[in-house]
Each structure stands twice: as C-alpha cells, then as structure tokens.
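Have the structure open as you read.

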Amino acid sequence: MITNDQVRDVIEETGVVPDMAALDDTKSLEENGVDSLDTYTVLFALEEKFGVSLEKVDMEKVASVDLMVAYLNAHGATS
Amino acid sequence: MLGIKEIAHFLPETRKDNRDLMETFDIDEAFLRDKIGVMERRALGPDETASDMAVAALEALLAKSDLDVSEIDALVVVTQNPDSNIPHVSGLVHGRMGLPARTLTFDISLGCSGYVIGLSVLTSVMQANGFANAVLITSDPYSKVVQPEDKNTVLLFGDGATATWIGQDPVFVPGHFSFGSKGDLDGALATRDGALTMDGRAVFTFAAGLAPKSVRQTLEQAGLETGDIDSFLFHQGSKYIIDTLATRLKLPREKVVNGLEKTGNTVSSSIPMLIEPLLRDGSQKRLLLCGFGVGLSYASCICTRKENT
C-alpha cells in the first residue's frame, strides 16, 4: 500500500512545494498554490517512483495527495 | 571533413510582448519569466511566408560568409508550415535566390528535432554524392497556426529562421547522433483544421522522460561524460523544460544555454540560433545538441570543434 507520506516524500523531492508542512492532502495541488507545470513534474515523479502510468489520467482524478494515493493503490503501484 | 562552417539567422520585425497578455491569461510576470521564459516573440506579417524567412536567412548567411550561391550543391529547408503544400519551400528559395540548376533541393517535414536530424541527413547526402557545400535552412512560422486565444501555445512560439553553411574545413563537426520517435503521441502536438493544439502535459512527460535518455545515449556512443561537454543546447521549448532537463541530468546551470527570452520557441530554429554565437568562442570545444518535439520525435548529437576531433 502506498501511503500519504510516501507521496508527500516524492512531492518534496521535486521541490515544487516550498512549505511541505502547509500542504493540505485533501486539497488539490492547484488549491495549494502549485501551478500546472509543477503539477506535471509531480505526476511524472510519481510515475517514475511507483511504476504506474499517469499519462492519460484526468488531472482531477489525481489532483490532491489523497486522490493520488487512492489512484496509485487502485492501479497496482508498488513502493 | 564536413561540418558547420557558418550560421546566420533572421527574425521578423514585428514584436509581440507577452506582458500584454498577462491579464488575458491571468498570469503574472514571474510566471512568464521563470516558467515560460519568453517575454517577447517575433511574428511574420499576414502576407509573409516560410520562404520569405528562408530567403532572408540565406541572404544573411551569404552576407556574413564567403559562400557564393553558385557553390551551393544542396539546399534543404526544415519546415512544417510551408508557403503551400506544392511546391517545396527549398524549391522556392532556389528560384528566388538564383541557385545553380544542378543544386539538389528538398524539404524535411520535422519540428523541434528537425535541425539535428537535418544535420545528419544533409551531411550524409553530401558524403554520398561528393558535395562540397550545402545550406540547411530552418523556417517554420508557427504564427500561421497558433491561435491567439490558446494560452498553451501563444505565449511560447515565435517566428524565426536560420541558415547553416555545411562544408569542408568546418568550425564544428557533428557526430554521435541518436534518434527516437514516439508516434503513438501524434496528437500531443498537432494541427487540426489549420489550428495548432498542444497537450502540454504529454509533451512535458515525453521530453522530461526521453530527452535525458537521448543525451545519455549520445554521450555513451561518444565515450564522453557530461563534464566533457562545454555547452548543452536543448531545444528551447520553454524555460521550464530546459530547467527540468538540466536538473534531471544534473548539469551545471552555466553549461545549459537559455535563449528564449527575446525570441520564444522558434521550433527547428532554436538550436542553430544558440550555436551561432558559439562558433567564434574558442573555449567551446564540444556542444551537445538535443532537439525534441513534433512527432513526437527526438534527436541528439555532439558538435566537436574541428581542432578537437
């Protein structure tokens, strides 16, 4: 099972969120102040880390940390 | 030994300031400068065409070199926005510039990978046929297909053209080419009914994933490491993708050339525009070129200063 902490670690490694403590897992990255380009970087990093293709997933299905975790676990992601 | 002897460029006079679009697209100057990287673009007039830019670039090349039109054995134009489907743009340039009847002309239909691939194609054609001099032109006026209301593309693309003289006794010798294609992503960057559409996320994922692999493959083929390269000349897709590639390849930022701010993404012209000022900089022994985009496709090579080959 992929956890929120694992996804947050990946986001932190990308460097797109200046204050990880302020990142609300229930809100979309956009609502957390992350622009679309940085969101692409996060999704790409998640693909590489967990081996799940997110290329054709609607952005709204993986908009927040909670949604990312749910999607990854539903699609066979391995840590 | 064939290679790049000289490069010239042409930019249309009309300037488009991206700051004028900030309110329309709800963006600020920091986003323009730090993410898009384009503050100003150039645009052809409505009656101007790819062949007009190509002719202007060739005239600039002839003016700054001792190449004479009578010496040109082959003329190739890289474009996907020709004056018309028939005839080819290089044929139009041939006629307007009074090139010899024996000159081979053909176009290459490629976008942002077109210059690197064009270098390989043209040097191969020259070697196979014993040609001494050829000109590789890039001229792709995206203003013809970009839609003014499309935030994804209108802030990025600018018009511009280059002309590269390829011949004996060059400054830079291109080699160690690597190529690749992702034809299943054909819809990521395409025109539909004459309008350009771009899936920014798909293009980003493609470039961030495959361009570094292409760079590494080229270095491996050459038996070199990143530290052996003086400058990395990536296609100027956006500042964001250039920064992403630099980060993923762990490159020192001073070795990654950025030339977007005043021209925008000029498609196949972006890489030769970066090489042009480096021709006379003797400290630049090896350049790594990497183009990626329409197709989707990608290509890399290393240009080595002749004395260092």
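## A bridge between chains

In this predicted model, B:R248 and A:E48 form a salt bridge through their side chains, with N and O 2.7 Å apart. The pair joins two chains, because B:R248 sits in helix 7 (residues 239–248) of chain B while A:E48 belongs to helix 2 (residues 36–50) of chain A.

How exposed are the two partners? B:R248 is partly exposed, at 26% relative accessibility. A:E48 is partly exposed as well, with a relative accessible area of 46%.

Staying with salt bridges, look next at B:R280 and B:E6, whose closest N and O atoms are 2.3 Å apart. B:R280 lies in the loop between helix 8 (270–275) and strand 12 (286–293) of chain B, and B:E6 in strand 1 (residues 2–10) of that chain, so this bridge ties together parts that are 274 residues apart in sequence.

Are these two partners buried or exposed? B:R280 is exposed, with a relative accessible area of 59%, whereas B:E6 is buried at 4% relative accessibility.

Another salt bridge links the side chains of B:D243 and B:R253, at 3.5 Å from N to O. Here the parts tied together are 10 residues apart in sequence, because B:D243 is in helix 7 of chain B and B:R253 in the loop between helix 7 and helix 8 of chain B. Both residues are partly exposed: B:D243 has a relative accessible area of 21%, and B:R253 comes to 44% relative accessibility.

Some bridges also share partners. Which residues are joined into one network by such salt bridges? They are B:D17, B:R19, B:E29, B:R33 and B:E261. Over all chains, the count is 18 salt bridges.

## A buried serine

Now for a polar residue, B:S231, which you will find in strand 11 (residues 231–234) of chain B. Is B:S231 buried or exposed? With a relative accessible area of 5%, B:S231 is under the 20% cut-off and therefore counts as buried.

Which side chain makes a polar contact with the side chain of B:S231? The partner is B:Q284, at 2.5 Å. Leaving aside residues up to four places away in sequence, B:S231 touches B:Q284 along with B:K255, B:V257, B:L278, B:R286, B:L287 and B:L288.

Terms used: Residues numbered from 1 in each chain as written. Chains lettered and ligands numbered in written order. Predicted model: local features only at pLDDT ≥ 70, side-chain atom pairs only at ≥ 80, totals over all residues. Heavy atoms only, no water. Salt bridge = Lys/Arg side-chain N within 4 Å of Asp/Glu carboxyl O. Helix = DSSP H or I, 4+ residues; strand = E, 2+ residues; numbered from the N terminus. Buried < 20%, exposed > 50% of the residue type's maximum accessible area, 1.4 Å probe, protein only. Polar contact = N/O pair within 3.5 Å; in protein donor to acceptor, adjacent residues only side chain to side chain. Contact = heavy atoms within 4.5 Å.
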